[in-house]
Every structure is written in C-alpha cells, then in structure tokens.
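Hi everyone, thanks for coming. I have one model to walk you through today, so let me put it up on the screen.

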Amino acid sequence: MSYPANRTPEHLLASDQAAGFEISDDFERFDQRNDIFTRAFWDERVTSNDTDAFFASYRMEAAPRRGDGFTQKDFALRNAAWLISDIVSERSAAEGLREGFQGAIRDDTPVAPDKAELGTPEAEAAEMKAIAKLFGADLVGITDFDARWHYSARPDVRTMEAVPNDLPEGLGQVIVMGHAMDADLVETYPSALAGAATGREYSHEAAIVMQVAAYIRNLGYRAVASMNDTALVIPYAVKAGLGEYGRNQMVLTPEYGPRVRFSKIFTDMPLAVDAVKPLGLKDYCEGCDVCAVACPVKALPFGAPAFGGKGPSAINGVKKWTSDAEACFGYWAKLRSDCAICMRVCPFTMPRRGVLDRLWYRLAVGELGGWGRKVARRWAGRRARARVKPREWWAARRP
Ligand code: SF4
Ligand code: SF4
C-alpha cells in the first residue's frame with residue numbers, strides 16, 4: 001500500500017504538529033527487510049562471523065569468554081530471560097512468520113460472537129488502561145491507527161523474501177504499552193548480564209500483549225497483538241503521549257527515561273485516544289550529547305535532527321536523530337549481546353529516588369524555565385553514576 005503525503009488524514013497532521021513530527025514529500029514507508037537485525041540474515045554488508053556468533057549466543061552455542069559480564073552465568077540468565085518471547089516467536093517460524101518480530105502475534109482466542117455493552121469511549125479507555133496495568137504494563141496510551149508507520153513489507157523468515165504485511169481493515173485504535181526494564185541490570189550495560197533486562201521485558205510484553213488482546217476479543221472486538229513486528233512503535237508511543245524521541249533513538253518517558261520497551265495492540269474497540277503532551281525531554285536532548293559521546297563506535301548523531309541517514313536502515317522523509325545502524329549492530333555482534341550504553345548513561349534513565357533527583361528532573365524538563373535546563377545539564381555530569389560491574393551485581397545477590 002502506498003501512502004502519498006497528500007493523503008495523510010487531517011487528524012494525523014494535527015497530531016504530527018503537536019508531536020513535532022516533520023515529514024517531507026519523499027517520505028516512504030519502511031520495508032522491514034531493511035531493519036538492521038533482519039539485514040543480518042540477507043545483506044552481506046551486515047552479515048559476518050560476528051553476527052552469526054551473536055545469534056548463536058542466544059542458543060548458548062557461544063563459548064562464554066573471559067571478561068566480567070560474559071560468563072556462562074551471565075549468558076544463562078540473559079537467555080532464560082528471553083525464553084517466553086522465544087517460544088512465541090518460534091512457534092510459527094516453520095510457516096515463515098516470527099511472531100512478535102517479523103509478523104504480528106497470531107490470535108490465540110476467537111472473537112466472541114456477541115459484543116459486550118460498552119460505556120463511553122473515554123470510560124472504556126480509562127478502564128482498558130487499568131486492565132493493561134493489571135496484566136503488568138507499566139505505561140499505557142491510546143492513539144489513532146496511522147498507516148505511515150506500518151512496514152511496507154515484512155520478510156518470510158524462511159527465505160527473507162518480501163511478503164505482505166497487511167492488517168485486517170478497520171482496526172482504528174492502537175493501544176501502546178510500555179514495559180520498564182530493570183534499573184539494576186541496566187546499570188551493568190554493556191554485558192550479557194544486562195541483556196537479561198532486555199529479554200525479561202520481551203518475555204513480559206509477549207505475555208501482557210497476548211492477554212490484553214485476548215480480553216478485547218472476549219469482549220467481541222478484534223485485537224491484533226504486536227511487539228516489534230508490523231509497525232514502528234516509536235511514533236505510536238509518542239503519539240499516545242507516552243514520551244518524546246531522544247538522540248539515543250529511544251522514546252524518553254517521564255517515568256523511566258529510555259529504560260522502557262513498547263508493545264502495541266491494533267483494535268476496533270471504540271476507545272478515546274490520548275493527546276500528544278509536550279514533556280520537555282526532547283528539549284533537554286537538544287543541548288545534551290552524553291549518549292553520543294559515550295557510544296563506543298560513534299553511531300549516534302551530534303547536532304540537530306535531520307532528514308535521512310546512512311544506509312538502507314535509515315527511514316526516508318522523517319526529520320529526526322538517526323543512528324549509523326551498521327556501526328551500532330556491528331558493535332553488538334562483537335560483544336555477543338546488546339550494548340545500550342546510550343540508555344545507561346542517559347540522565348533520565350536513573351530512577352528518581354530522592355528529593356535531589358526530583359529537583360533535577362523539574363529543572364531538566366523546563367518546569368523552572370530555560371535557565372533551569374542549563375543548570376540541570378551541568379548538574380547531570382555530577383549526578384552520573386559509573387557503570388556497575390556485573391560481578392558486583394552478582395555479589396549483591398548473595399548473603
Ligand atoms: S543522554 Fe542526553 S542527548 Fe542522549 S538521549 Fe539522554 S538526554 Fe538525550
Ligand atoms: S547501543 Fe551502543 S553502539 Fe549502539 S548507539 Fe547505543 S551506545 Fe552506540
């Protein structure tokens with residue numbers, strides 16, 4: 001499905017403006033085969049012995065190596081954390097579909113033949129958020145379906161050939177859920193141990209998104225559960241009012257900074273949508289480059305957001321900060337685990353535990369004016385904590 005700029009619906013253009021999205025006439029929907037993780041299976045510019053060993057390490061095939069954070073225990077914990085997500089993503093792989101990653105999660109329950117009696121869309125939206133939190137979501141927002149963020153194609157994972165990525169018609173609302181990563185594990189990035197924070201949330205989100213979708217189908221409405229598949233979640237999370245896009249390529253949320261993953265559900269249940277909120281986080285980013293400086297392979301941009309980026313993994317036609325995805329993933333492959341230094345060092349990642357942390361946040365998001373943001377940027381360097389060594393993380397869990 002093509003999506004010419006001149007056919008973007010008015011209500012989406014209004015929320016684009018509120019979200020600060022700038023989209024040019026040469027915008028093109030993104031083909032998921034160009035996602036850097038997918039390219040590692042077909043594009044010789046990305047594929048290497050290191051990328052093969054990276055994926056093998058998730059099956060405990062790589063020998064643990066010297067180095068704190070990369071022992072057998074570290075890999076064992078990380079890979080156990082991924083288990084539930086892996087079970088879901090592997091169950092249809094023989095049919096070319098990696099559910100939750102390269103294809104939406106298949107319905108596990110039918111749609112009830114009778115529709116439940118509903119209240120107003122506002123009341124149902126509030127109740128739906130409470131139900132999502134009951135199942136374990138940490139953040140929930142609702143926004144309009146927007147075909148621009150949907151992959152133009154997805155790969156058949158048996159052949160990596162393009163296959164259609166269409167959803168059923170009429171799923172007009174998107175429930176976006178945030179899943180907070182464990183703060184103590186995140187402090188040990190980069191390490192295989194820290195990768196347990198990523199895997200744990202993928203496993204959590206697989207369970208939560210499937211349960212919330214089943215609840216909606218039990219009410220007589222359609223619901224497609226989705227993780228990284230089907231559509232880019234970042235613009236949806238921003239439009240749902242959950243956060244703002246940061247220099248480190250992640251959504252910065254007021255509650256957890258970038259220390260959060262997102263899932264989504266496409267539904268035809270009538271639910272009121274959330275408004276985009278100015279949160280002050282992106283404004284802070286504009287004068288900060290802590291993540292770009294800390295990146296070991298300099299994959300993050302300095303300077304202002306711009307159109308385009310390096311290589312086919314960059315999206316065309318959206319003004320934003322764009323990483324060098326090949327450099328970033330090349331580093332992950334060498335590590336045999338996800339890196340996320342740029343998440344760890346972000347001053348919004350640290351939990352706000354005391355009065356000074358809360359004062360810093362108020363300054364950082366501009367509640368006390370532009371001068372406050374400048375003070376917060378200077379203060380951030382002194383607040384920064386050094387990386388926690390993985391062996392210290394393990395030691396803290398023993399008597
Ligand atoms: S480290 Fe600074 S520039 Fe990077 S995402 Fe966080 S606030 Fe933004
Ligand atoms: S994940 Fe690591 S390599 Fe990739 S951009 Fe962030 S700091 Fe750089």
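Predicted model: local features only at pLDDT ≥ 70, side-chain atom pairs only at ≥ 80, totals over all residues.

Four strands make up an open sheet, in the order β1-β4-β8-β5, with antiparallel pairing. At the edges sit β1, residues 139–144, and β5, residues 223–226, each of which pairs on one side only. On average, neighbouring strands here are turned by 20° against each other, if we ignore direction.

Now along the strands. β1 pairs with β4, residues 173–180, in the antiparallel sense over six bridges. If you look at D144, you'll find Q173 of β4 opposite.

The largest nonpolar core has 104 residues, and V176, M177, V209 and I265 have the most contacts inside it. Helix α8, residues 195–218, gives the largest share of this core, with ten residues. Let me zoom in on V209. Beyond its neighbours within four places in sequence, V209 is in contact with I105, M177, A225, S226, M227, S263 and I265.

Next, the ligands. Around ligand 1 there are 13 residues, and the closest are G246, C285, C288, C291 and C346. Helices α10, at 281–286, and α11, at 290–294, each supply at least two residues of this shell. By class, the shell of ligand 1 holds nine nonpolar, two polar and two charged residues.

Turning to ligand 2, the residues around it are C295, V297, A299, L300, S323, C328, Y331, C339, A340, I341 and C342. Here α12, residues 325–335, and α13, residues 341–344, each supply at least two residues. How many of the shell residues around ligand 2 are charged? There are no charged ones; the shell divides into ten nonpolar and one polar.

Let me also point out R373, in helix α15, which spans residues 370–383. R373 counts as buried because 20 C-beta neighbours fall inside 10 Å. Leaving aside neighbours within four places in sequence, its contacts are D283, Y284, G287, L363, A364 and G366.

Finally, the backbone details. Y189 and P190 are joined by a cis peptide bond, with omega about 0°. You'll find P190 in the loop between α7, residues 183–186, and α8.

There are also positive phi values to look at. M160 is not a glycine, yet its phi is positive, about 65°. M160 is in the loop between β2 and β3, and with 15 other C-beta atoms within 10 Å, M160 is partly exposed. K298, also a residue other than glycine, has a positive phi near 50°. K298 lies in the loop between α11 and α12 and counts as partly exposed, with 14 C-beta neighbours inside 10 Å.

How values were computed:
Residues numbered from 1 in each chain as written. Chains lettered and ligands numbered in written order. Near = placed C-beta within 6 Å. Nonpolar A, V, L, I, M, F, W, Y, C, P; charged D, E, K, R; others polar. Core = buried A, V, L, I, M, F, W, Y, C linked by C-beta atoms within 7 Å. Buried ≥ 20, exposed ≤ 12 C-beta atoms within 10 Å, placed from the backbone. Contact = placed C-beta atoms within 7 Å. Pairing = 2+ DSSP bridges. Axes fitted to C-alpha atoms, helices over the stretch in contact; angles between N-to-C directions.
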